[in-house]
Amino acid sequence: MNAVKTRADEIITPRELKEHGVAYVLDKIKRGDGFFVTNTERDLSQSDFKNRVMPHTQVLVAEDRNDCGYFTLEISGGASVHVDMLRKQISPLEKLEVLSALMPDTMFQNLCRGINLFGYRPYPENVIRLTVQSFARYVHVWRVFDFLNHIPNMIPVFEEVQKAGRILEPSICFSTGPEHTNEYYVKKVGQILDVTGENIILCIKNHGGLGTSKRIGDLTKAIMDRYPDMIIHYHGHNTDGDDVGRIVAAVRNGARIVDAGDHAFCGFFGPPPILTVVDTLEEYGFRAVGINREKVIETSNKLRPQREFYKDFESQFLGFDPTAQTHKLPGGATGSSFEQAVKGGFLDRMPEILQKELPRVQRELGNWWSVTPGSQILWTTAVNNVIKGVRYKDANDDLKNLMLGRYGELPFYWPADEIYTAVFGPDWKDYVDKEKGYQKIEDIDIDVERRVLEHRLGRPATGDELVLYLQHPNDAVSFFKFEEKYGKSWVLPPEVWFKKSGFNLGDKYEFSDAFGKQHTVEVGPQRKTKSGDAVTYLIVDHHPEPILTELEQEAGAAKKKPTLTPKEIEALGKTGDIRSPLKGVVNEIPVSEGDEVSAGQVLIVLEAMKMLNNVLSDISGKVTEILVSPGDEVDVGEPLVVVKKDG
Amino acid sequence: MGKNVMVEKKTITKVLVANRGEIALRIIRTVKELGLSAVAVYEKPDSESLFIRFADDAILIGNGPRKDYLNIDRMIWAARQCGADAIHPGYGFLAENAEFSAACEKEGIIFIGPPPDVIRDLGNKVVAREIMKRANIPFIPGTDNLSRGQAGIEEALAFGKIHGYPIMLKASSGGGGRGIRKVENESDLLIQLPLARAEALSAFNDENIYVERCIEAPRHVEVQILADKHGNIIHLGTRDCSIQRRHQKLLEIAPADLPTDILESMHKTAIAAARQAGYINAGTVEFLVDAETNEFWFMEMNTRLQVEHTVTEALTGVDIVREQIRIAEGEHLDIPSERVQLMGKAIQVRINAEDPKNNFMPEGGKRVEVYQSPGGPGIRLDGIVYQGYKIPTEYDSLLVKMTIRGYNWEQAIQRLRRALHDFLIVGPQTTIPFYLAICDEVDFQKGEFDTSYLETHPEIFKYPNSEREIAKLSKLIAEIHAKKHNPYAI
C-alpha cells in the first residue's frame, strides 16, 4: 500500500469510469482532497474566438493538457458541433476520436442543450437518442440544460447518458432578478433528482457570468444545505471580470468542480485563467486535486504564439463588460452579437440594444434564462425592436412558439396581453387559447433520412455521417462534399487555414496529414490562365505541383450579387419580385409554383442568426417562379420568388 | 524476289500532308528529316494547332470542321497552290478513299499510299474475301453478300444451321468496328437482319451485308507489311490490338505474344495476302486469333498508315513513313530481314482527354493548364498537346500517343507505369489513370487478354478518383492562395 497518495491516484481517467462505473467515480470526487478543475476549451473558443480554435491547435497541446490532471476537458457540444462542420470542416465526432487518442487519461465533457441537442430547435426523440449514443462513445461527462429549466425537455438525453454508462451533469441555468431565489433553485434541484436519481453531478450553469460572488456563494450553500452529498460543478463566465470571485465563493460553500481556461487564450467573455483560480483558492485552503502546474503553464506557453492567428475572431469590442449583469447575454453569444452588429451595420445602436431594450424584452417575456435558444429569441427581438422602431413587429416563429408555450411552461410569468397583441394581432386571445400548449416533436423515419442523405451524397453514408446529417442537414452535406474534395483539412495550421490576402513566395509549411504522414508545402509562383483562373505552383514534399483553381465562377457570382437597399427590396416586393431581406439560408419553401397566395402568406422561411424568418408575400397572386431551393445560401436582395398579381 | 516490272522513278521534293493533329505532325517530322518540304493544310478551328507550327508552310482549306479535311478537291487545290508533288493522307479522313488516290494520280501528284484499285478492292469486304480465297488465306467462314429479300434471309438461316450461333452480320462496306451486329439465334436473326441492312445503307451508302461465324472473345493481331513497286514485300512483325473499347483500339503491343511458329505462319500469310491483292506501300493485315487454340483467320486489310504504327517503329527501328515515301518514289525496299528487330516489347497508349469512368466522354472545350511529359529511356511521344492547349470540340480528343519500348514484357509494363506517372496534366480528365489501372491488373501483367478484356475486367474502371491526401490539401492551399481567403472558414 502506498502511504502517500500520488497525483496519478487522485485524477480520474476514462479507464476508471469504464472499469468501475459512474458511482465509483462520483465517490472518488467526494473523497478527493480538494476541488477539481475542468478546462473549458470549447466554451473559451465559443465565447472569445467565435468557436474557431482549430483542431490543429488542440492537437498541438493535447499531450500537455492530458498531463494537467483536469477533471475533464470540455471540448464538444454547444455551438461547436455546428461550427466544426460549418467553419472548421471537421467532423465533430472525428475531432473527439483524434483528441481522445492523444489524451487517453483525460475525460471529455460536453454541453448539451437537452431537447435542442447541439442545435437551436427541438429534435425528435429518436434523433436525440441516436445522437447521444453516438457522441457518448467519446464524451464521458454530459452537461445537460434546458433554457427554461423545463426538466421534461432533458429526459431523453438523461436516459441515454445513463444507459451509456456516462456521467450525467444536469444543470440549473442561473439568472438574477426577484424570481431567481434560492428557494426556486433548490426546488428545481429536487425535481431533477426525482428523475435522475442521486448519481449525478449538479451544474450551476452561470452562462452569463451573472450575480456577485456573494450571490453564487449563497446559492451554493443553499443547495449544499439541502443536499449535503451533492457534487456541484460551478460553470461561469468572466464577462464582468469577476468570475474568479464567484468560483472562490462557490468552492468555499461546497462546490467540488469549477470551470476555467488556459491563460494564453483567456479573453473577456469566457472562463478565467486556471492558475489564477487554483492559486487564489489555495490561499483559502482549497487544493486543486491532480493539477500539474508545470503542464498548465507549458500548455499556455505553446498556445501563446498561436493566438495571433485567431485575432480576427476575437470580439469587435474588447474589454470586460459589467453591464452583462443587466443585458444578460451569455458569454458564448457576446462575441457573435458584436459580429452581427458589425455585419448588420448597427454597431452604433449596441448600447441602446444591450443596456435598454434587451433588459426590457427580458422582463416583458418572462425573465427566464438567456441561453440558447432563448438568448437568440431575446436578442433577435431586441434588435428588431430597435432597428425597426416598432416593438414586436413581424415576430419570428421561435418567439411565437415560445409565447404559445410550445417549448415548455414559462417558469415565472407569461408576457402581458399587450405583448401578445403586438405579436399575434388584436384577435390574439382566441388564437392563443386554441394553439397554446407544449409541442411534442414526432419521431422521424431515420431510414428515410438515411436514403435522402445517400441520394444527396451519391454514395452510402456511414453511421456517423447520418448522425451529423440529422443535426444540421445542409451544412453536414456541404461538409461531406468538402471533405471528399479537399481531404481532412483540419490538419492545416491556423496560419494557413485563416490566411488572408495570399501567401508570400517561398512560405513553407510543415504538417502531418490525418494519417500521420509528414508533409512540406512551399508556396511558389502563381499565374493567371487564359480563362481567368489561377495556377499556383506549390512545392509539395519537394515536388513542384501546379494546381489549378477555378476563379471564373466566383467572379461571375460576384457580378450577379445584387446590392439593394431595404427600401428597394420592399418596393420590388410590392411588384411581386420577392427579394431576400437578409443574408441567410433557405430553410423551407411552403409554397409551390402555380400556388395562389394571398398578401401576408409565408413564401419562404429563411434561417439567419440561428433564427427562422418568414418572407411574406406583399401581394395576392400566383407564384410563377421559385428561384431558390432549401439549403441555398442567399444574400440580401437576391431574388427568391416571383408572384404575379391577380387580375 | 522482285518481279521484272518497269517502275518509273520519281523524286518527291514537297509533300502536302492531307491530315491534321498528331499524325500530320508525325508525317511532317519524317518529311523534314528527308530534307523535303512539308506543307500542312488546316481548317479554321485548327488555326492554333501544333502541327502547323512544325510545317514549312500551311494552307487554310476552309472553315471546317472536318468537311474540308474530307474534301478531295480542296486537297488537290492546296497541293497545286503550294506546288507539292506528293500527298500523304495520314489515317482517317481521305486515307482509304480510292477516289482521292485516283484524283492524285490523275493530277500527276504522287499519292503516298496504295493505288486506287487496291484501296477499292480491299475496302470492300466481300471483294477482299474473294481475293484472299484465291490465295488460300484462312478466313472466318462466312457468306457472300446476302441476296435481297427473303432469299437473303434463307441464306443467313442456312449459314446459322451449319455453323451454329452466335453469328455476325457485317456491312460489306463497313470497317473500323462499325456496321457489325451480333446475332444470338434464329429469331434474333429475323429481327436484326433488316436493321443491319438499313443501317449499312445509311452509314455506308451500301446496303450489302454478309454473315460470318462469330469468334467469341478472340485476340486481335495484325501484321505490318511494306510492299514496293518492284514486288518486294516484307513484314515488320505483329501488333496485338486486343485491348479495345467497342472495337476502338486503346492500347497496342508489338510483337503479339504468340508461339514463334504461329507468328511465322501469320507473317507468311500476311505477305501472301498482300501479294495476292497487288498491294503497294505500307499496309496492315488484320487477323482474329482464337485465344485458346491460336488458330487465326484473315479479318481485313487496312490500306493506310495506322495510328498504332509507332509501336512497330519503336520495336523494329524502321521509320514506316520514310519507307512509304521511298516506295512512292519508286525505290526498292532495302531493309534486310536481319535489320528488322523483333526483340523486346513495345506498347502504345492513346492518352485522350476523356473521362474513362464516364463512358470515355471527351473533355472538349477544356484547356490543358499544365502539361509536363515524361522522358528518359524507351519513351516516344507523338502528340499535339501543349500547356494552354484547348481540347477541340470539333475533332478528336487525342492529346498524345505514348509509345514505350522495353527489354521484355515485365520491363515494358514497369516503364509504361513509370512514364504514365511522370505525366502532369492539369485541366481535363485523361485516360492516364485508366491505363495505370491496366498496368496493375494481374491478367494484363500475365499477358492474358483478348478483345473482351474491358468487359471482363470492370474493376479497372474503379481506380480511385481520390487523389493522395496531400494532393487534396494542396488543392485547398492553392485555393486559399488564389482567392486570398479561405471560403470554407468564414
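**A walk through chains B and A**

Let's begin in a loop of chain B: B:Pro65 sits between strand S3 (57–62) and helix H3 (72–82). Keep in mind as you look around that this is a predicted model. What joins B:Pro65 to B:Gly64? A cis peptide bond does, with omega at about -10°. Chain A has a cis bond to show you too, this one joining A:Thr372 and A:Pro373, with omega at about 0°. You'll find A:Pro373 in a loop as well, between helix H17 (350–365) and helix H18 (374–388) of chain A.

Now back to chain B for its sheet. It is an open sheet of 8 strands, and if you read across it the order goes S13-S12-S9-S10-S11-S14-S19-S18, with antiparallel pairing. Which strands stand at the edges? Those are S13 (296–302) and S18 (379–383) of chain B; each has a single partner strand, so one side of each is left without a neighbour in the sheet. As you move through this sheet, neighbouring strands are turned by 25° against each other on average, ignoring direction.

Something also packs on the sheet: helix H12 of chain B, residues 409–422. The strands that H12 touches are S14 (345–352), S18 and S19 (398–406) of chain B, and the helix direction makes about 145° with that of S19(B).

Strand S12 of chain B, residues 281–289, runs antiparallel to S13(B), and 6 bridges join the two. Along this pair, B:Val285 stands opposite B:Met301 in S13(B).

Both of those residues turn up again if you follow B:Ala273, which is found in helix H9 of chain B, residues 260–277. Is B:Ala273 buried or exposed? It has 26 other C-beta atoms within 10 Å, and 20 or more is what it takes, so B:Ala273 is buried. Leaving out residues up to four places away in sequence, B:Ala273 touches B:Val285 and B:Met301, along with B:Met132, B:Ala135, B:Ile137 and B:Phe298. Take B:Ala135 from that list: 138 residues separate it from B:Ala273 in sequence, yet C-alpha to C-alpha the two are 6.6 Å apart in space.

Next comes the largest nonpolar core, which has 116 residues. The members that touch the most others are B:Val15, B:Leu16, B:Val17, B:Ile28, B:Ala40, B:Ile87 and B:Phe287. Where does this core lie? Domain 1 (14–112) and domain 3 (219–461) of chain B both give residues to it, so the core lies between them.

A:Asn51 lies in the loop between helix H3 (41–48) and helix H4 (55–60) of chain A, while B:Asn359 is in the loop between strand S15 (354–355) and strand S16 (361–362) of chain B. How do their surroundings look? A:Asn51 has 25 C-beta neighbours inside 10 Å and so counts as buried. B:Asn359 has 9 inside 10 Å, so this one counts as exposed.

Notes:
Residues are numbered from 1 along each chain as its sequence is written. Chains are lettered from A and ligands numbered from 1 in the order in which they are written. This is a predicted model: local features need pLDDT of at least 70, side-chain atom pairs count only at pLDDT 80 or more; totals for chains, interfaces and linings use all residues. Two strands pair if DSSP finds at least two bridges between them. Helices (H or I, at least four residues) and strands (E, at least two) are DSSP runs, numbered from the N terminus. Axes are lines fitted to C-alpha atoms, for helices over the stretch in contact, and angles run from 0 to 180 degrees between N-to-C directions. Two residues are in contact if their C-beta atoms, placed from the backbone, lie within 7 Å. A nonpolar core is a set of buried Ala, Val, Leu, Ile, Met, Phe, Trp, Tyr and Cys residues joined through C-beta atoms within 7 Å. A residue is buried if 20 or more other C-beta atoms lie within 10 Å of its own, exposed if 12 or fewer, and partly exposed in between; C-beta atoms are placed from the backbone. Domain bounds come from an automatic or database domain assignment.
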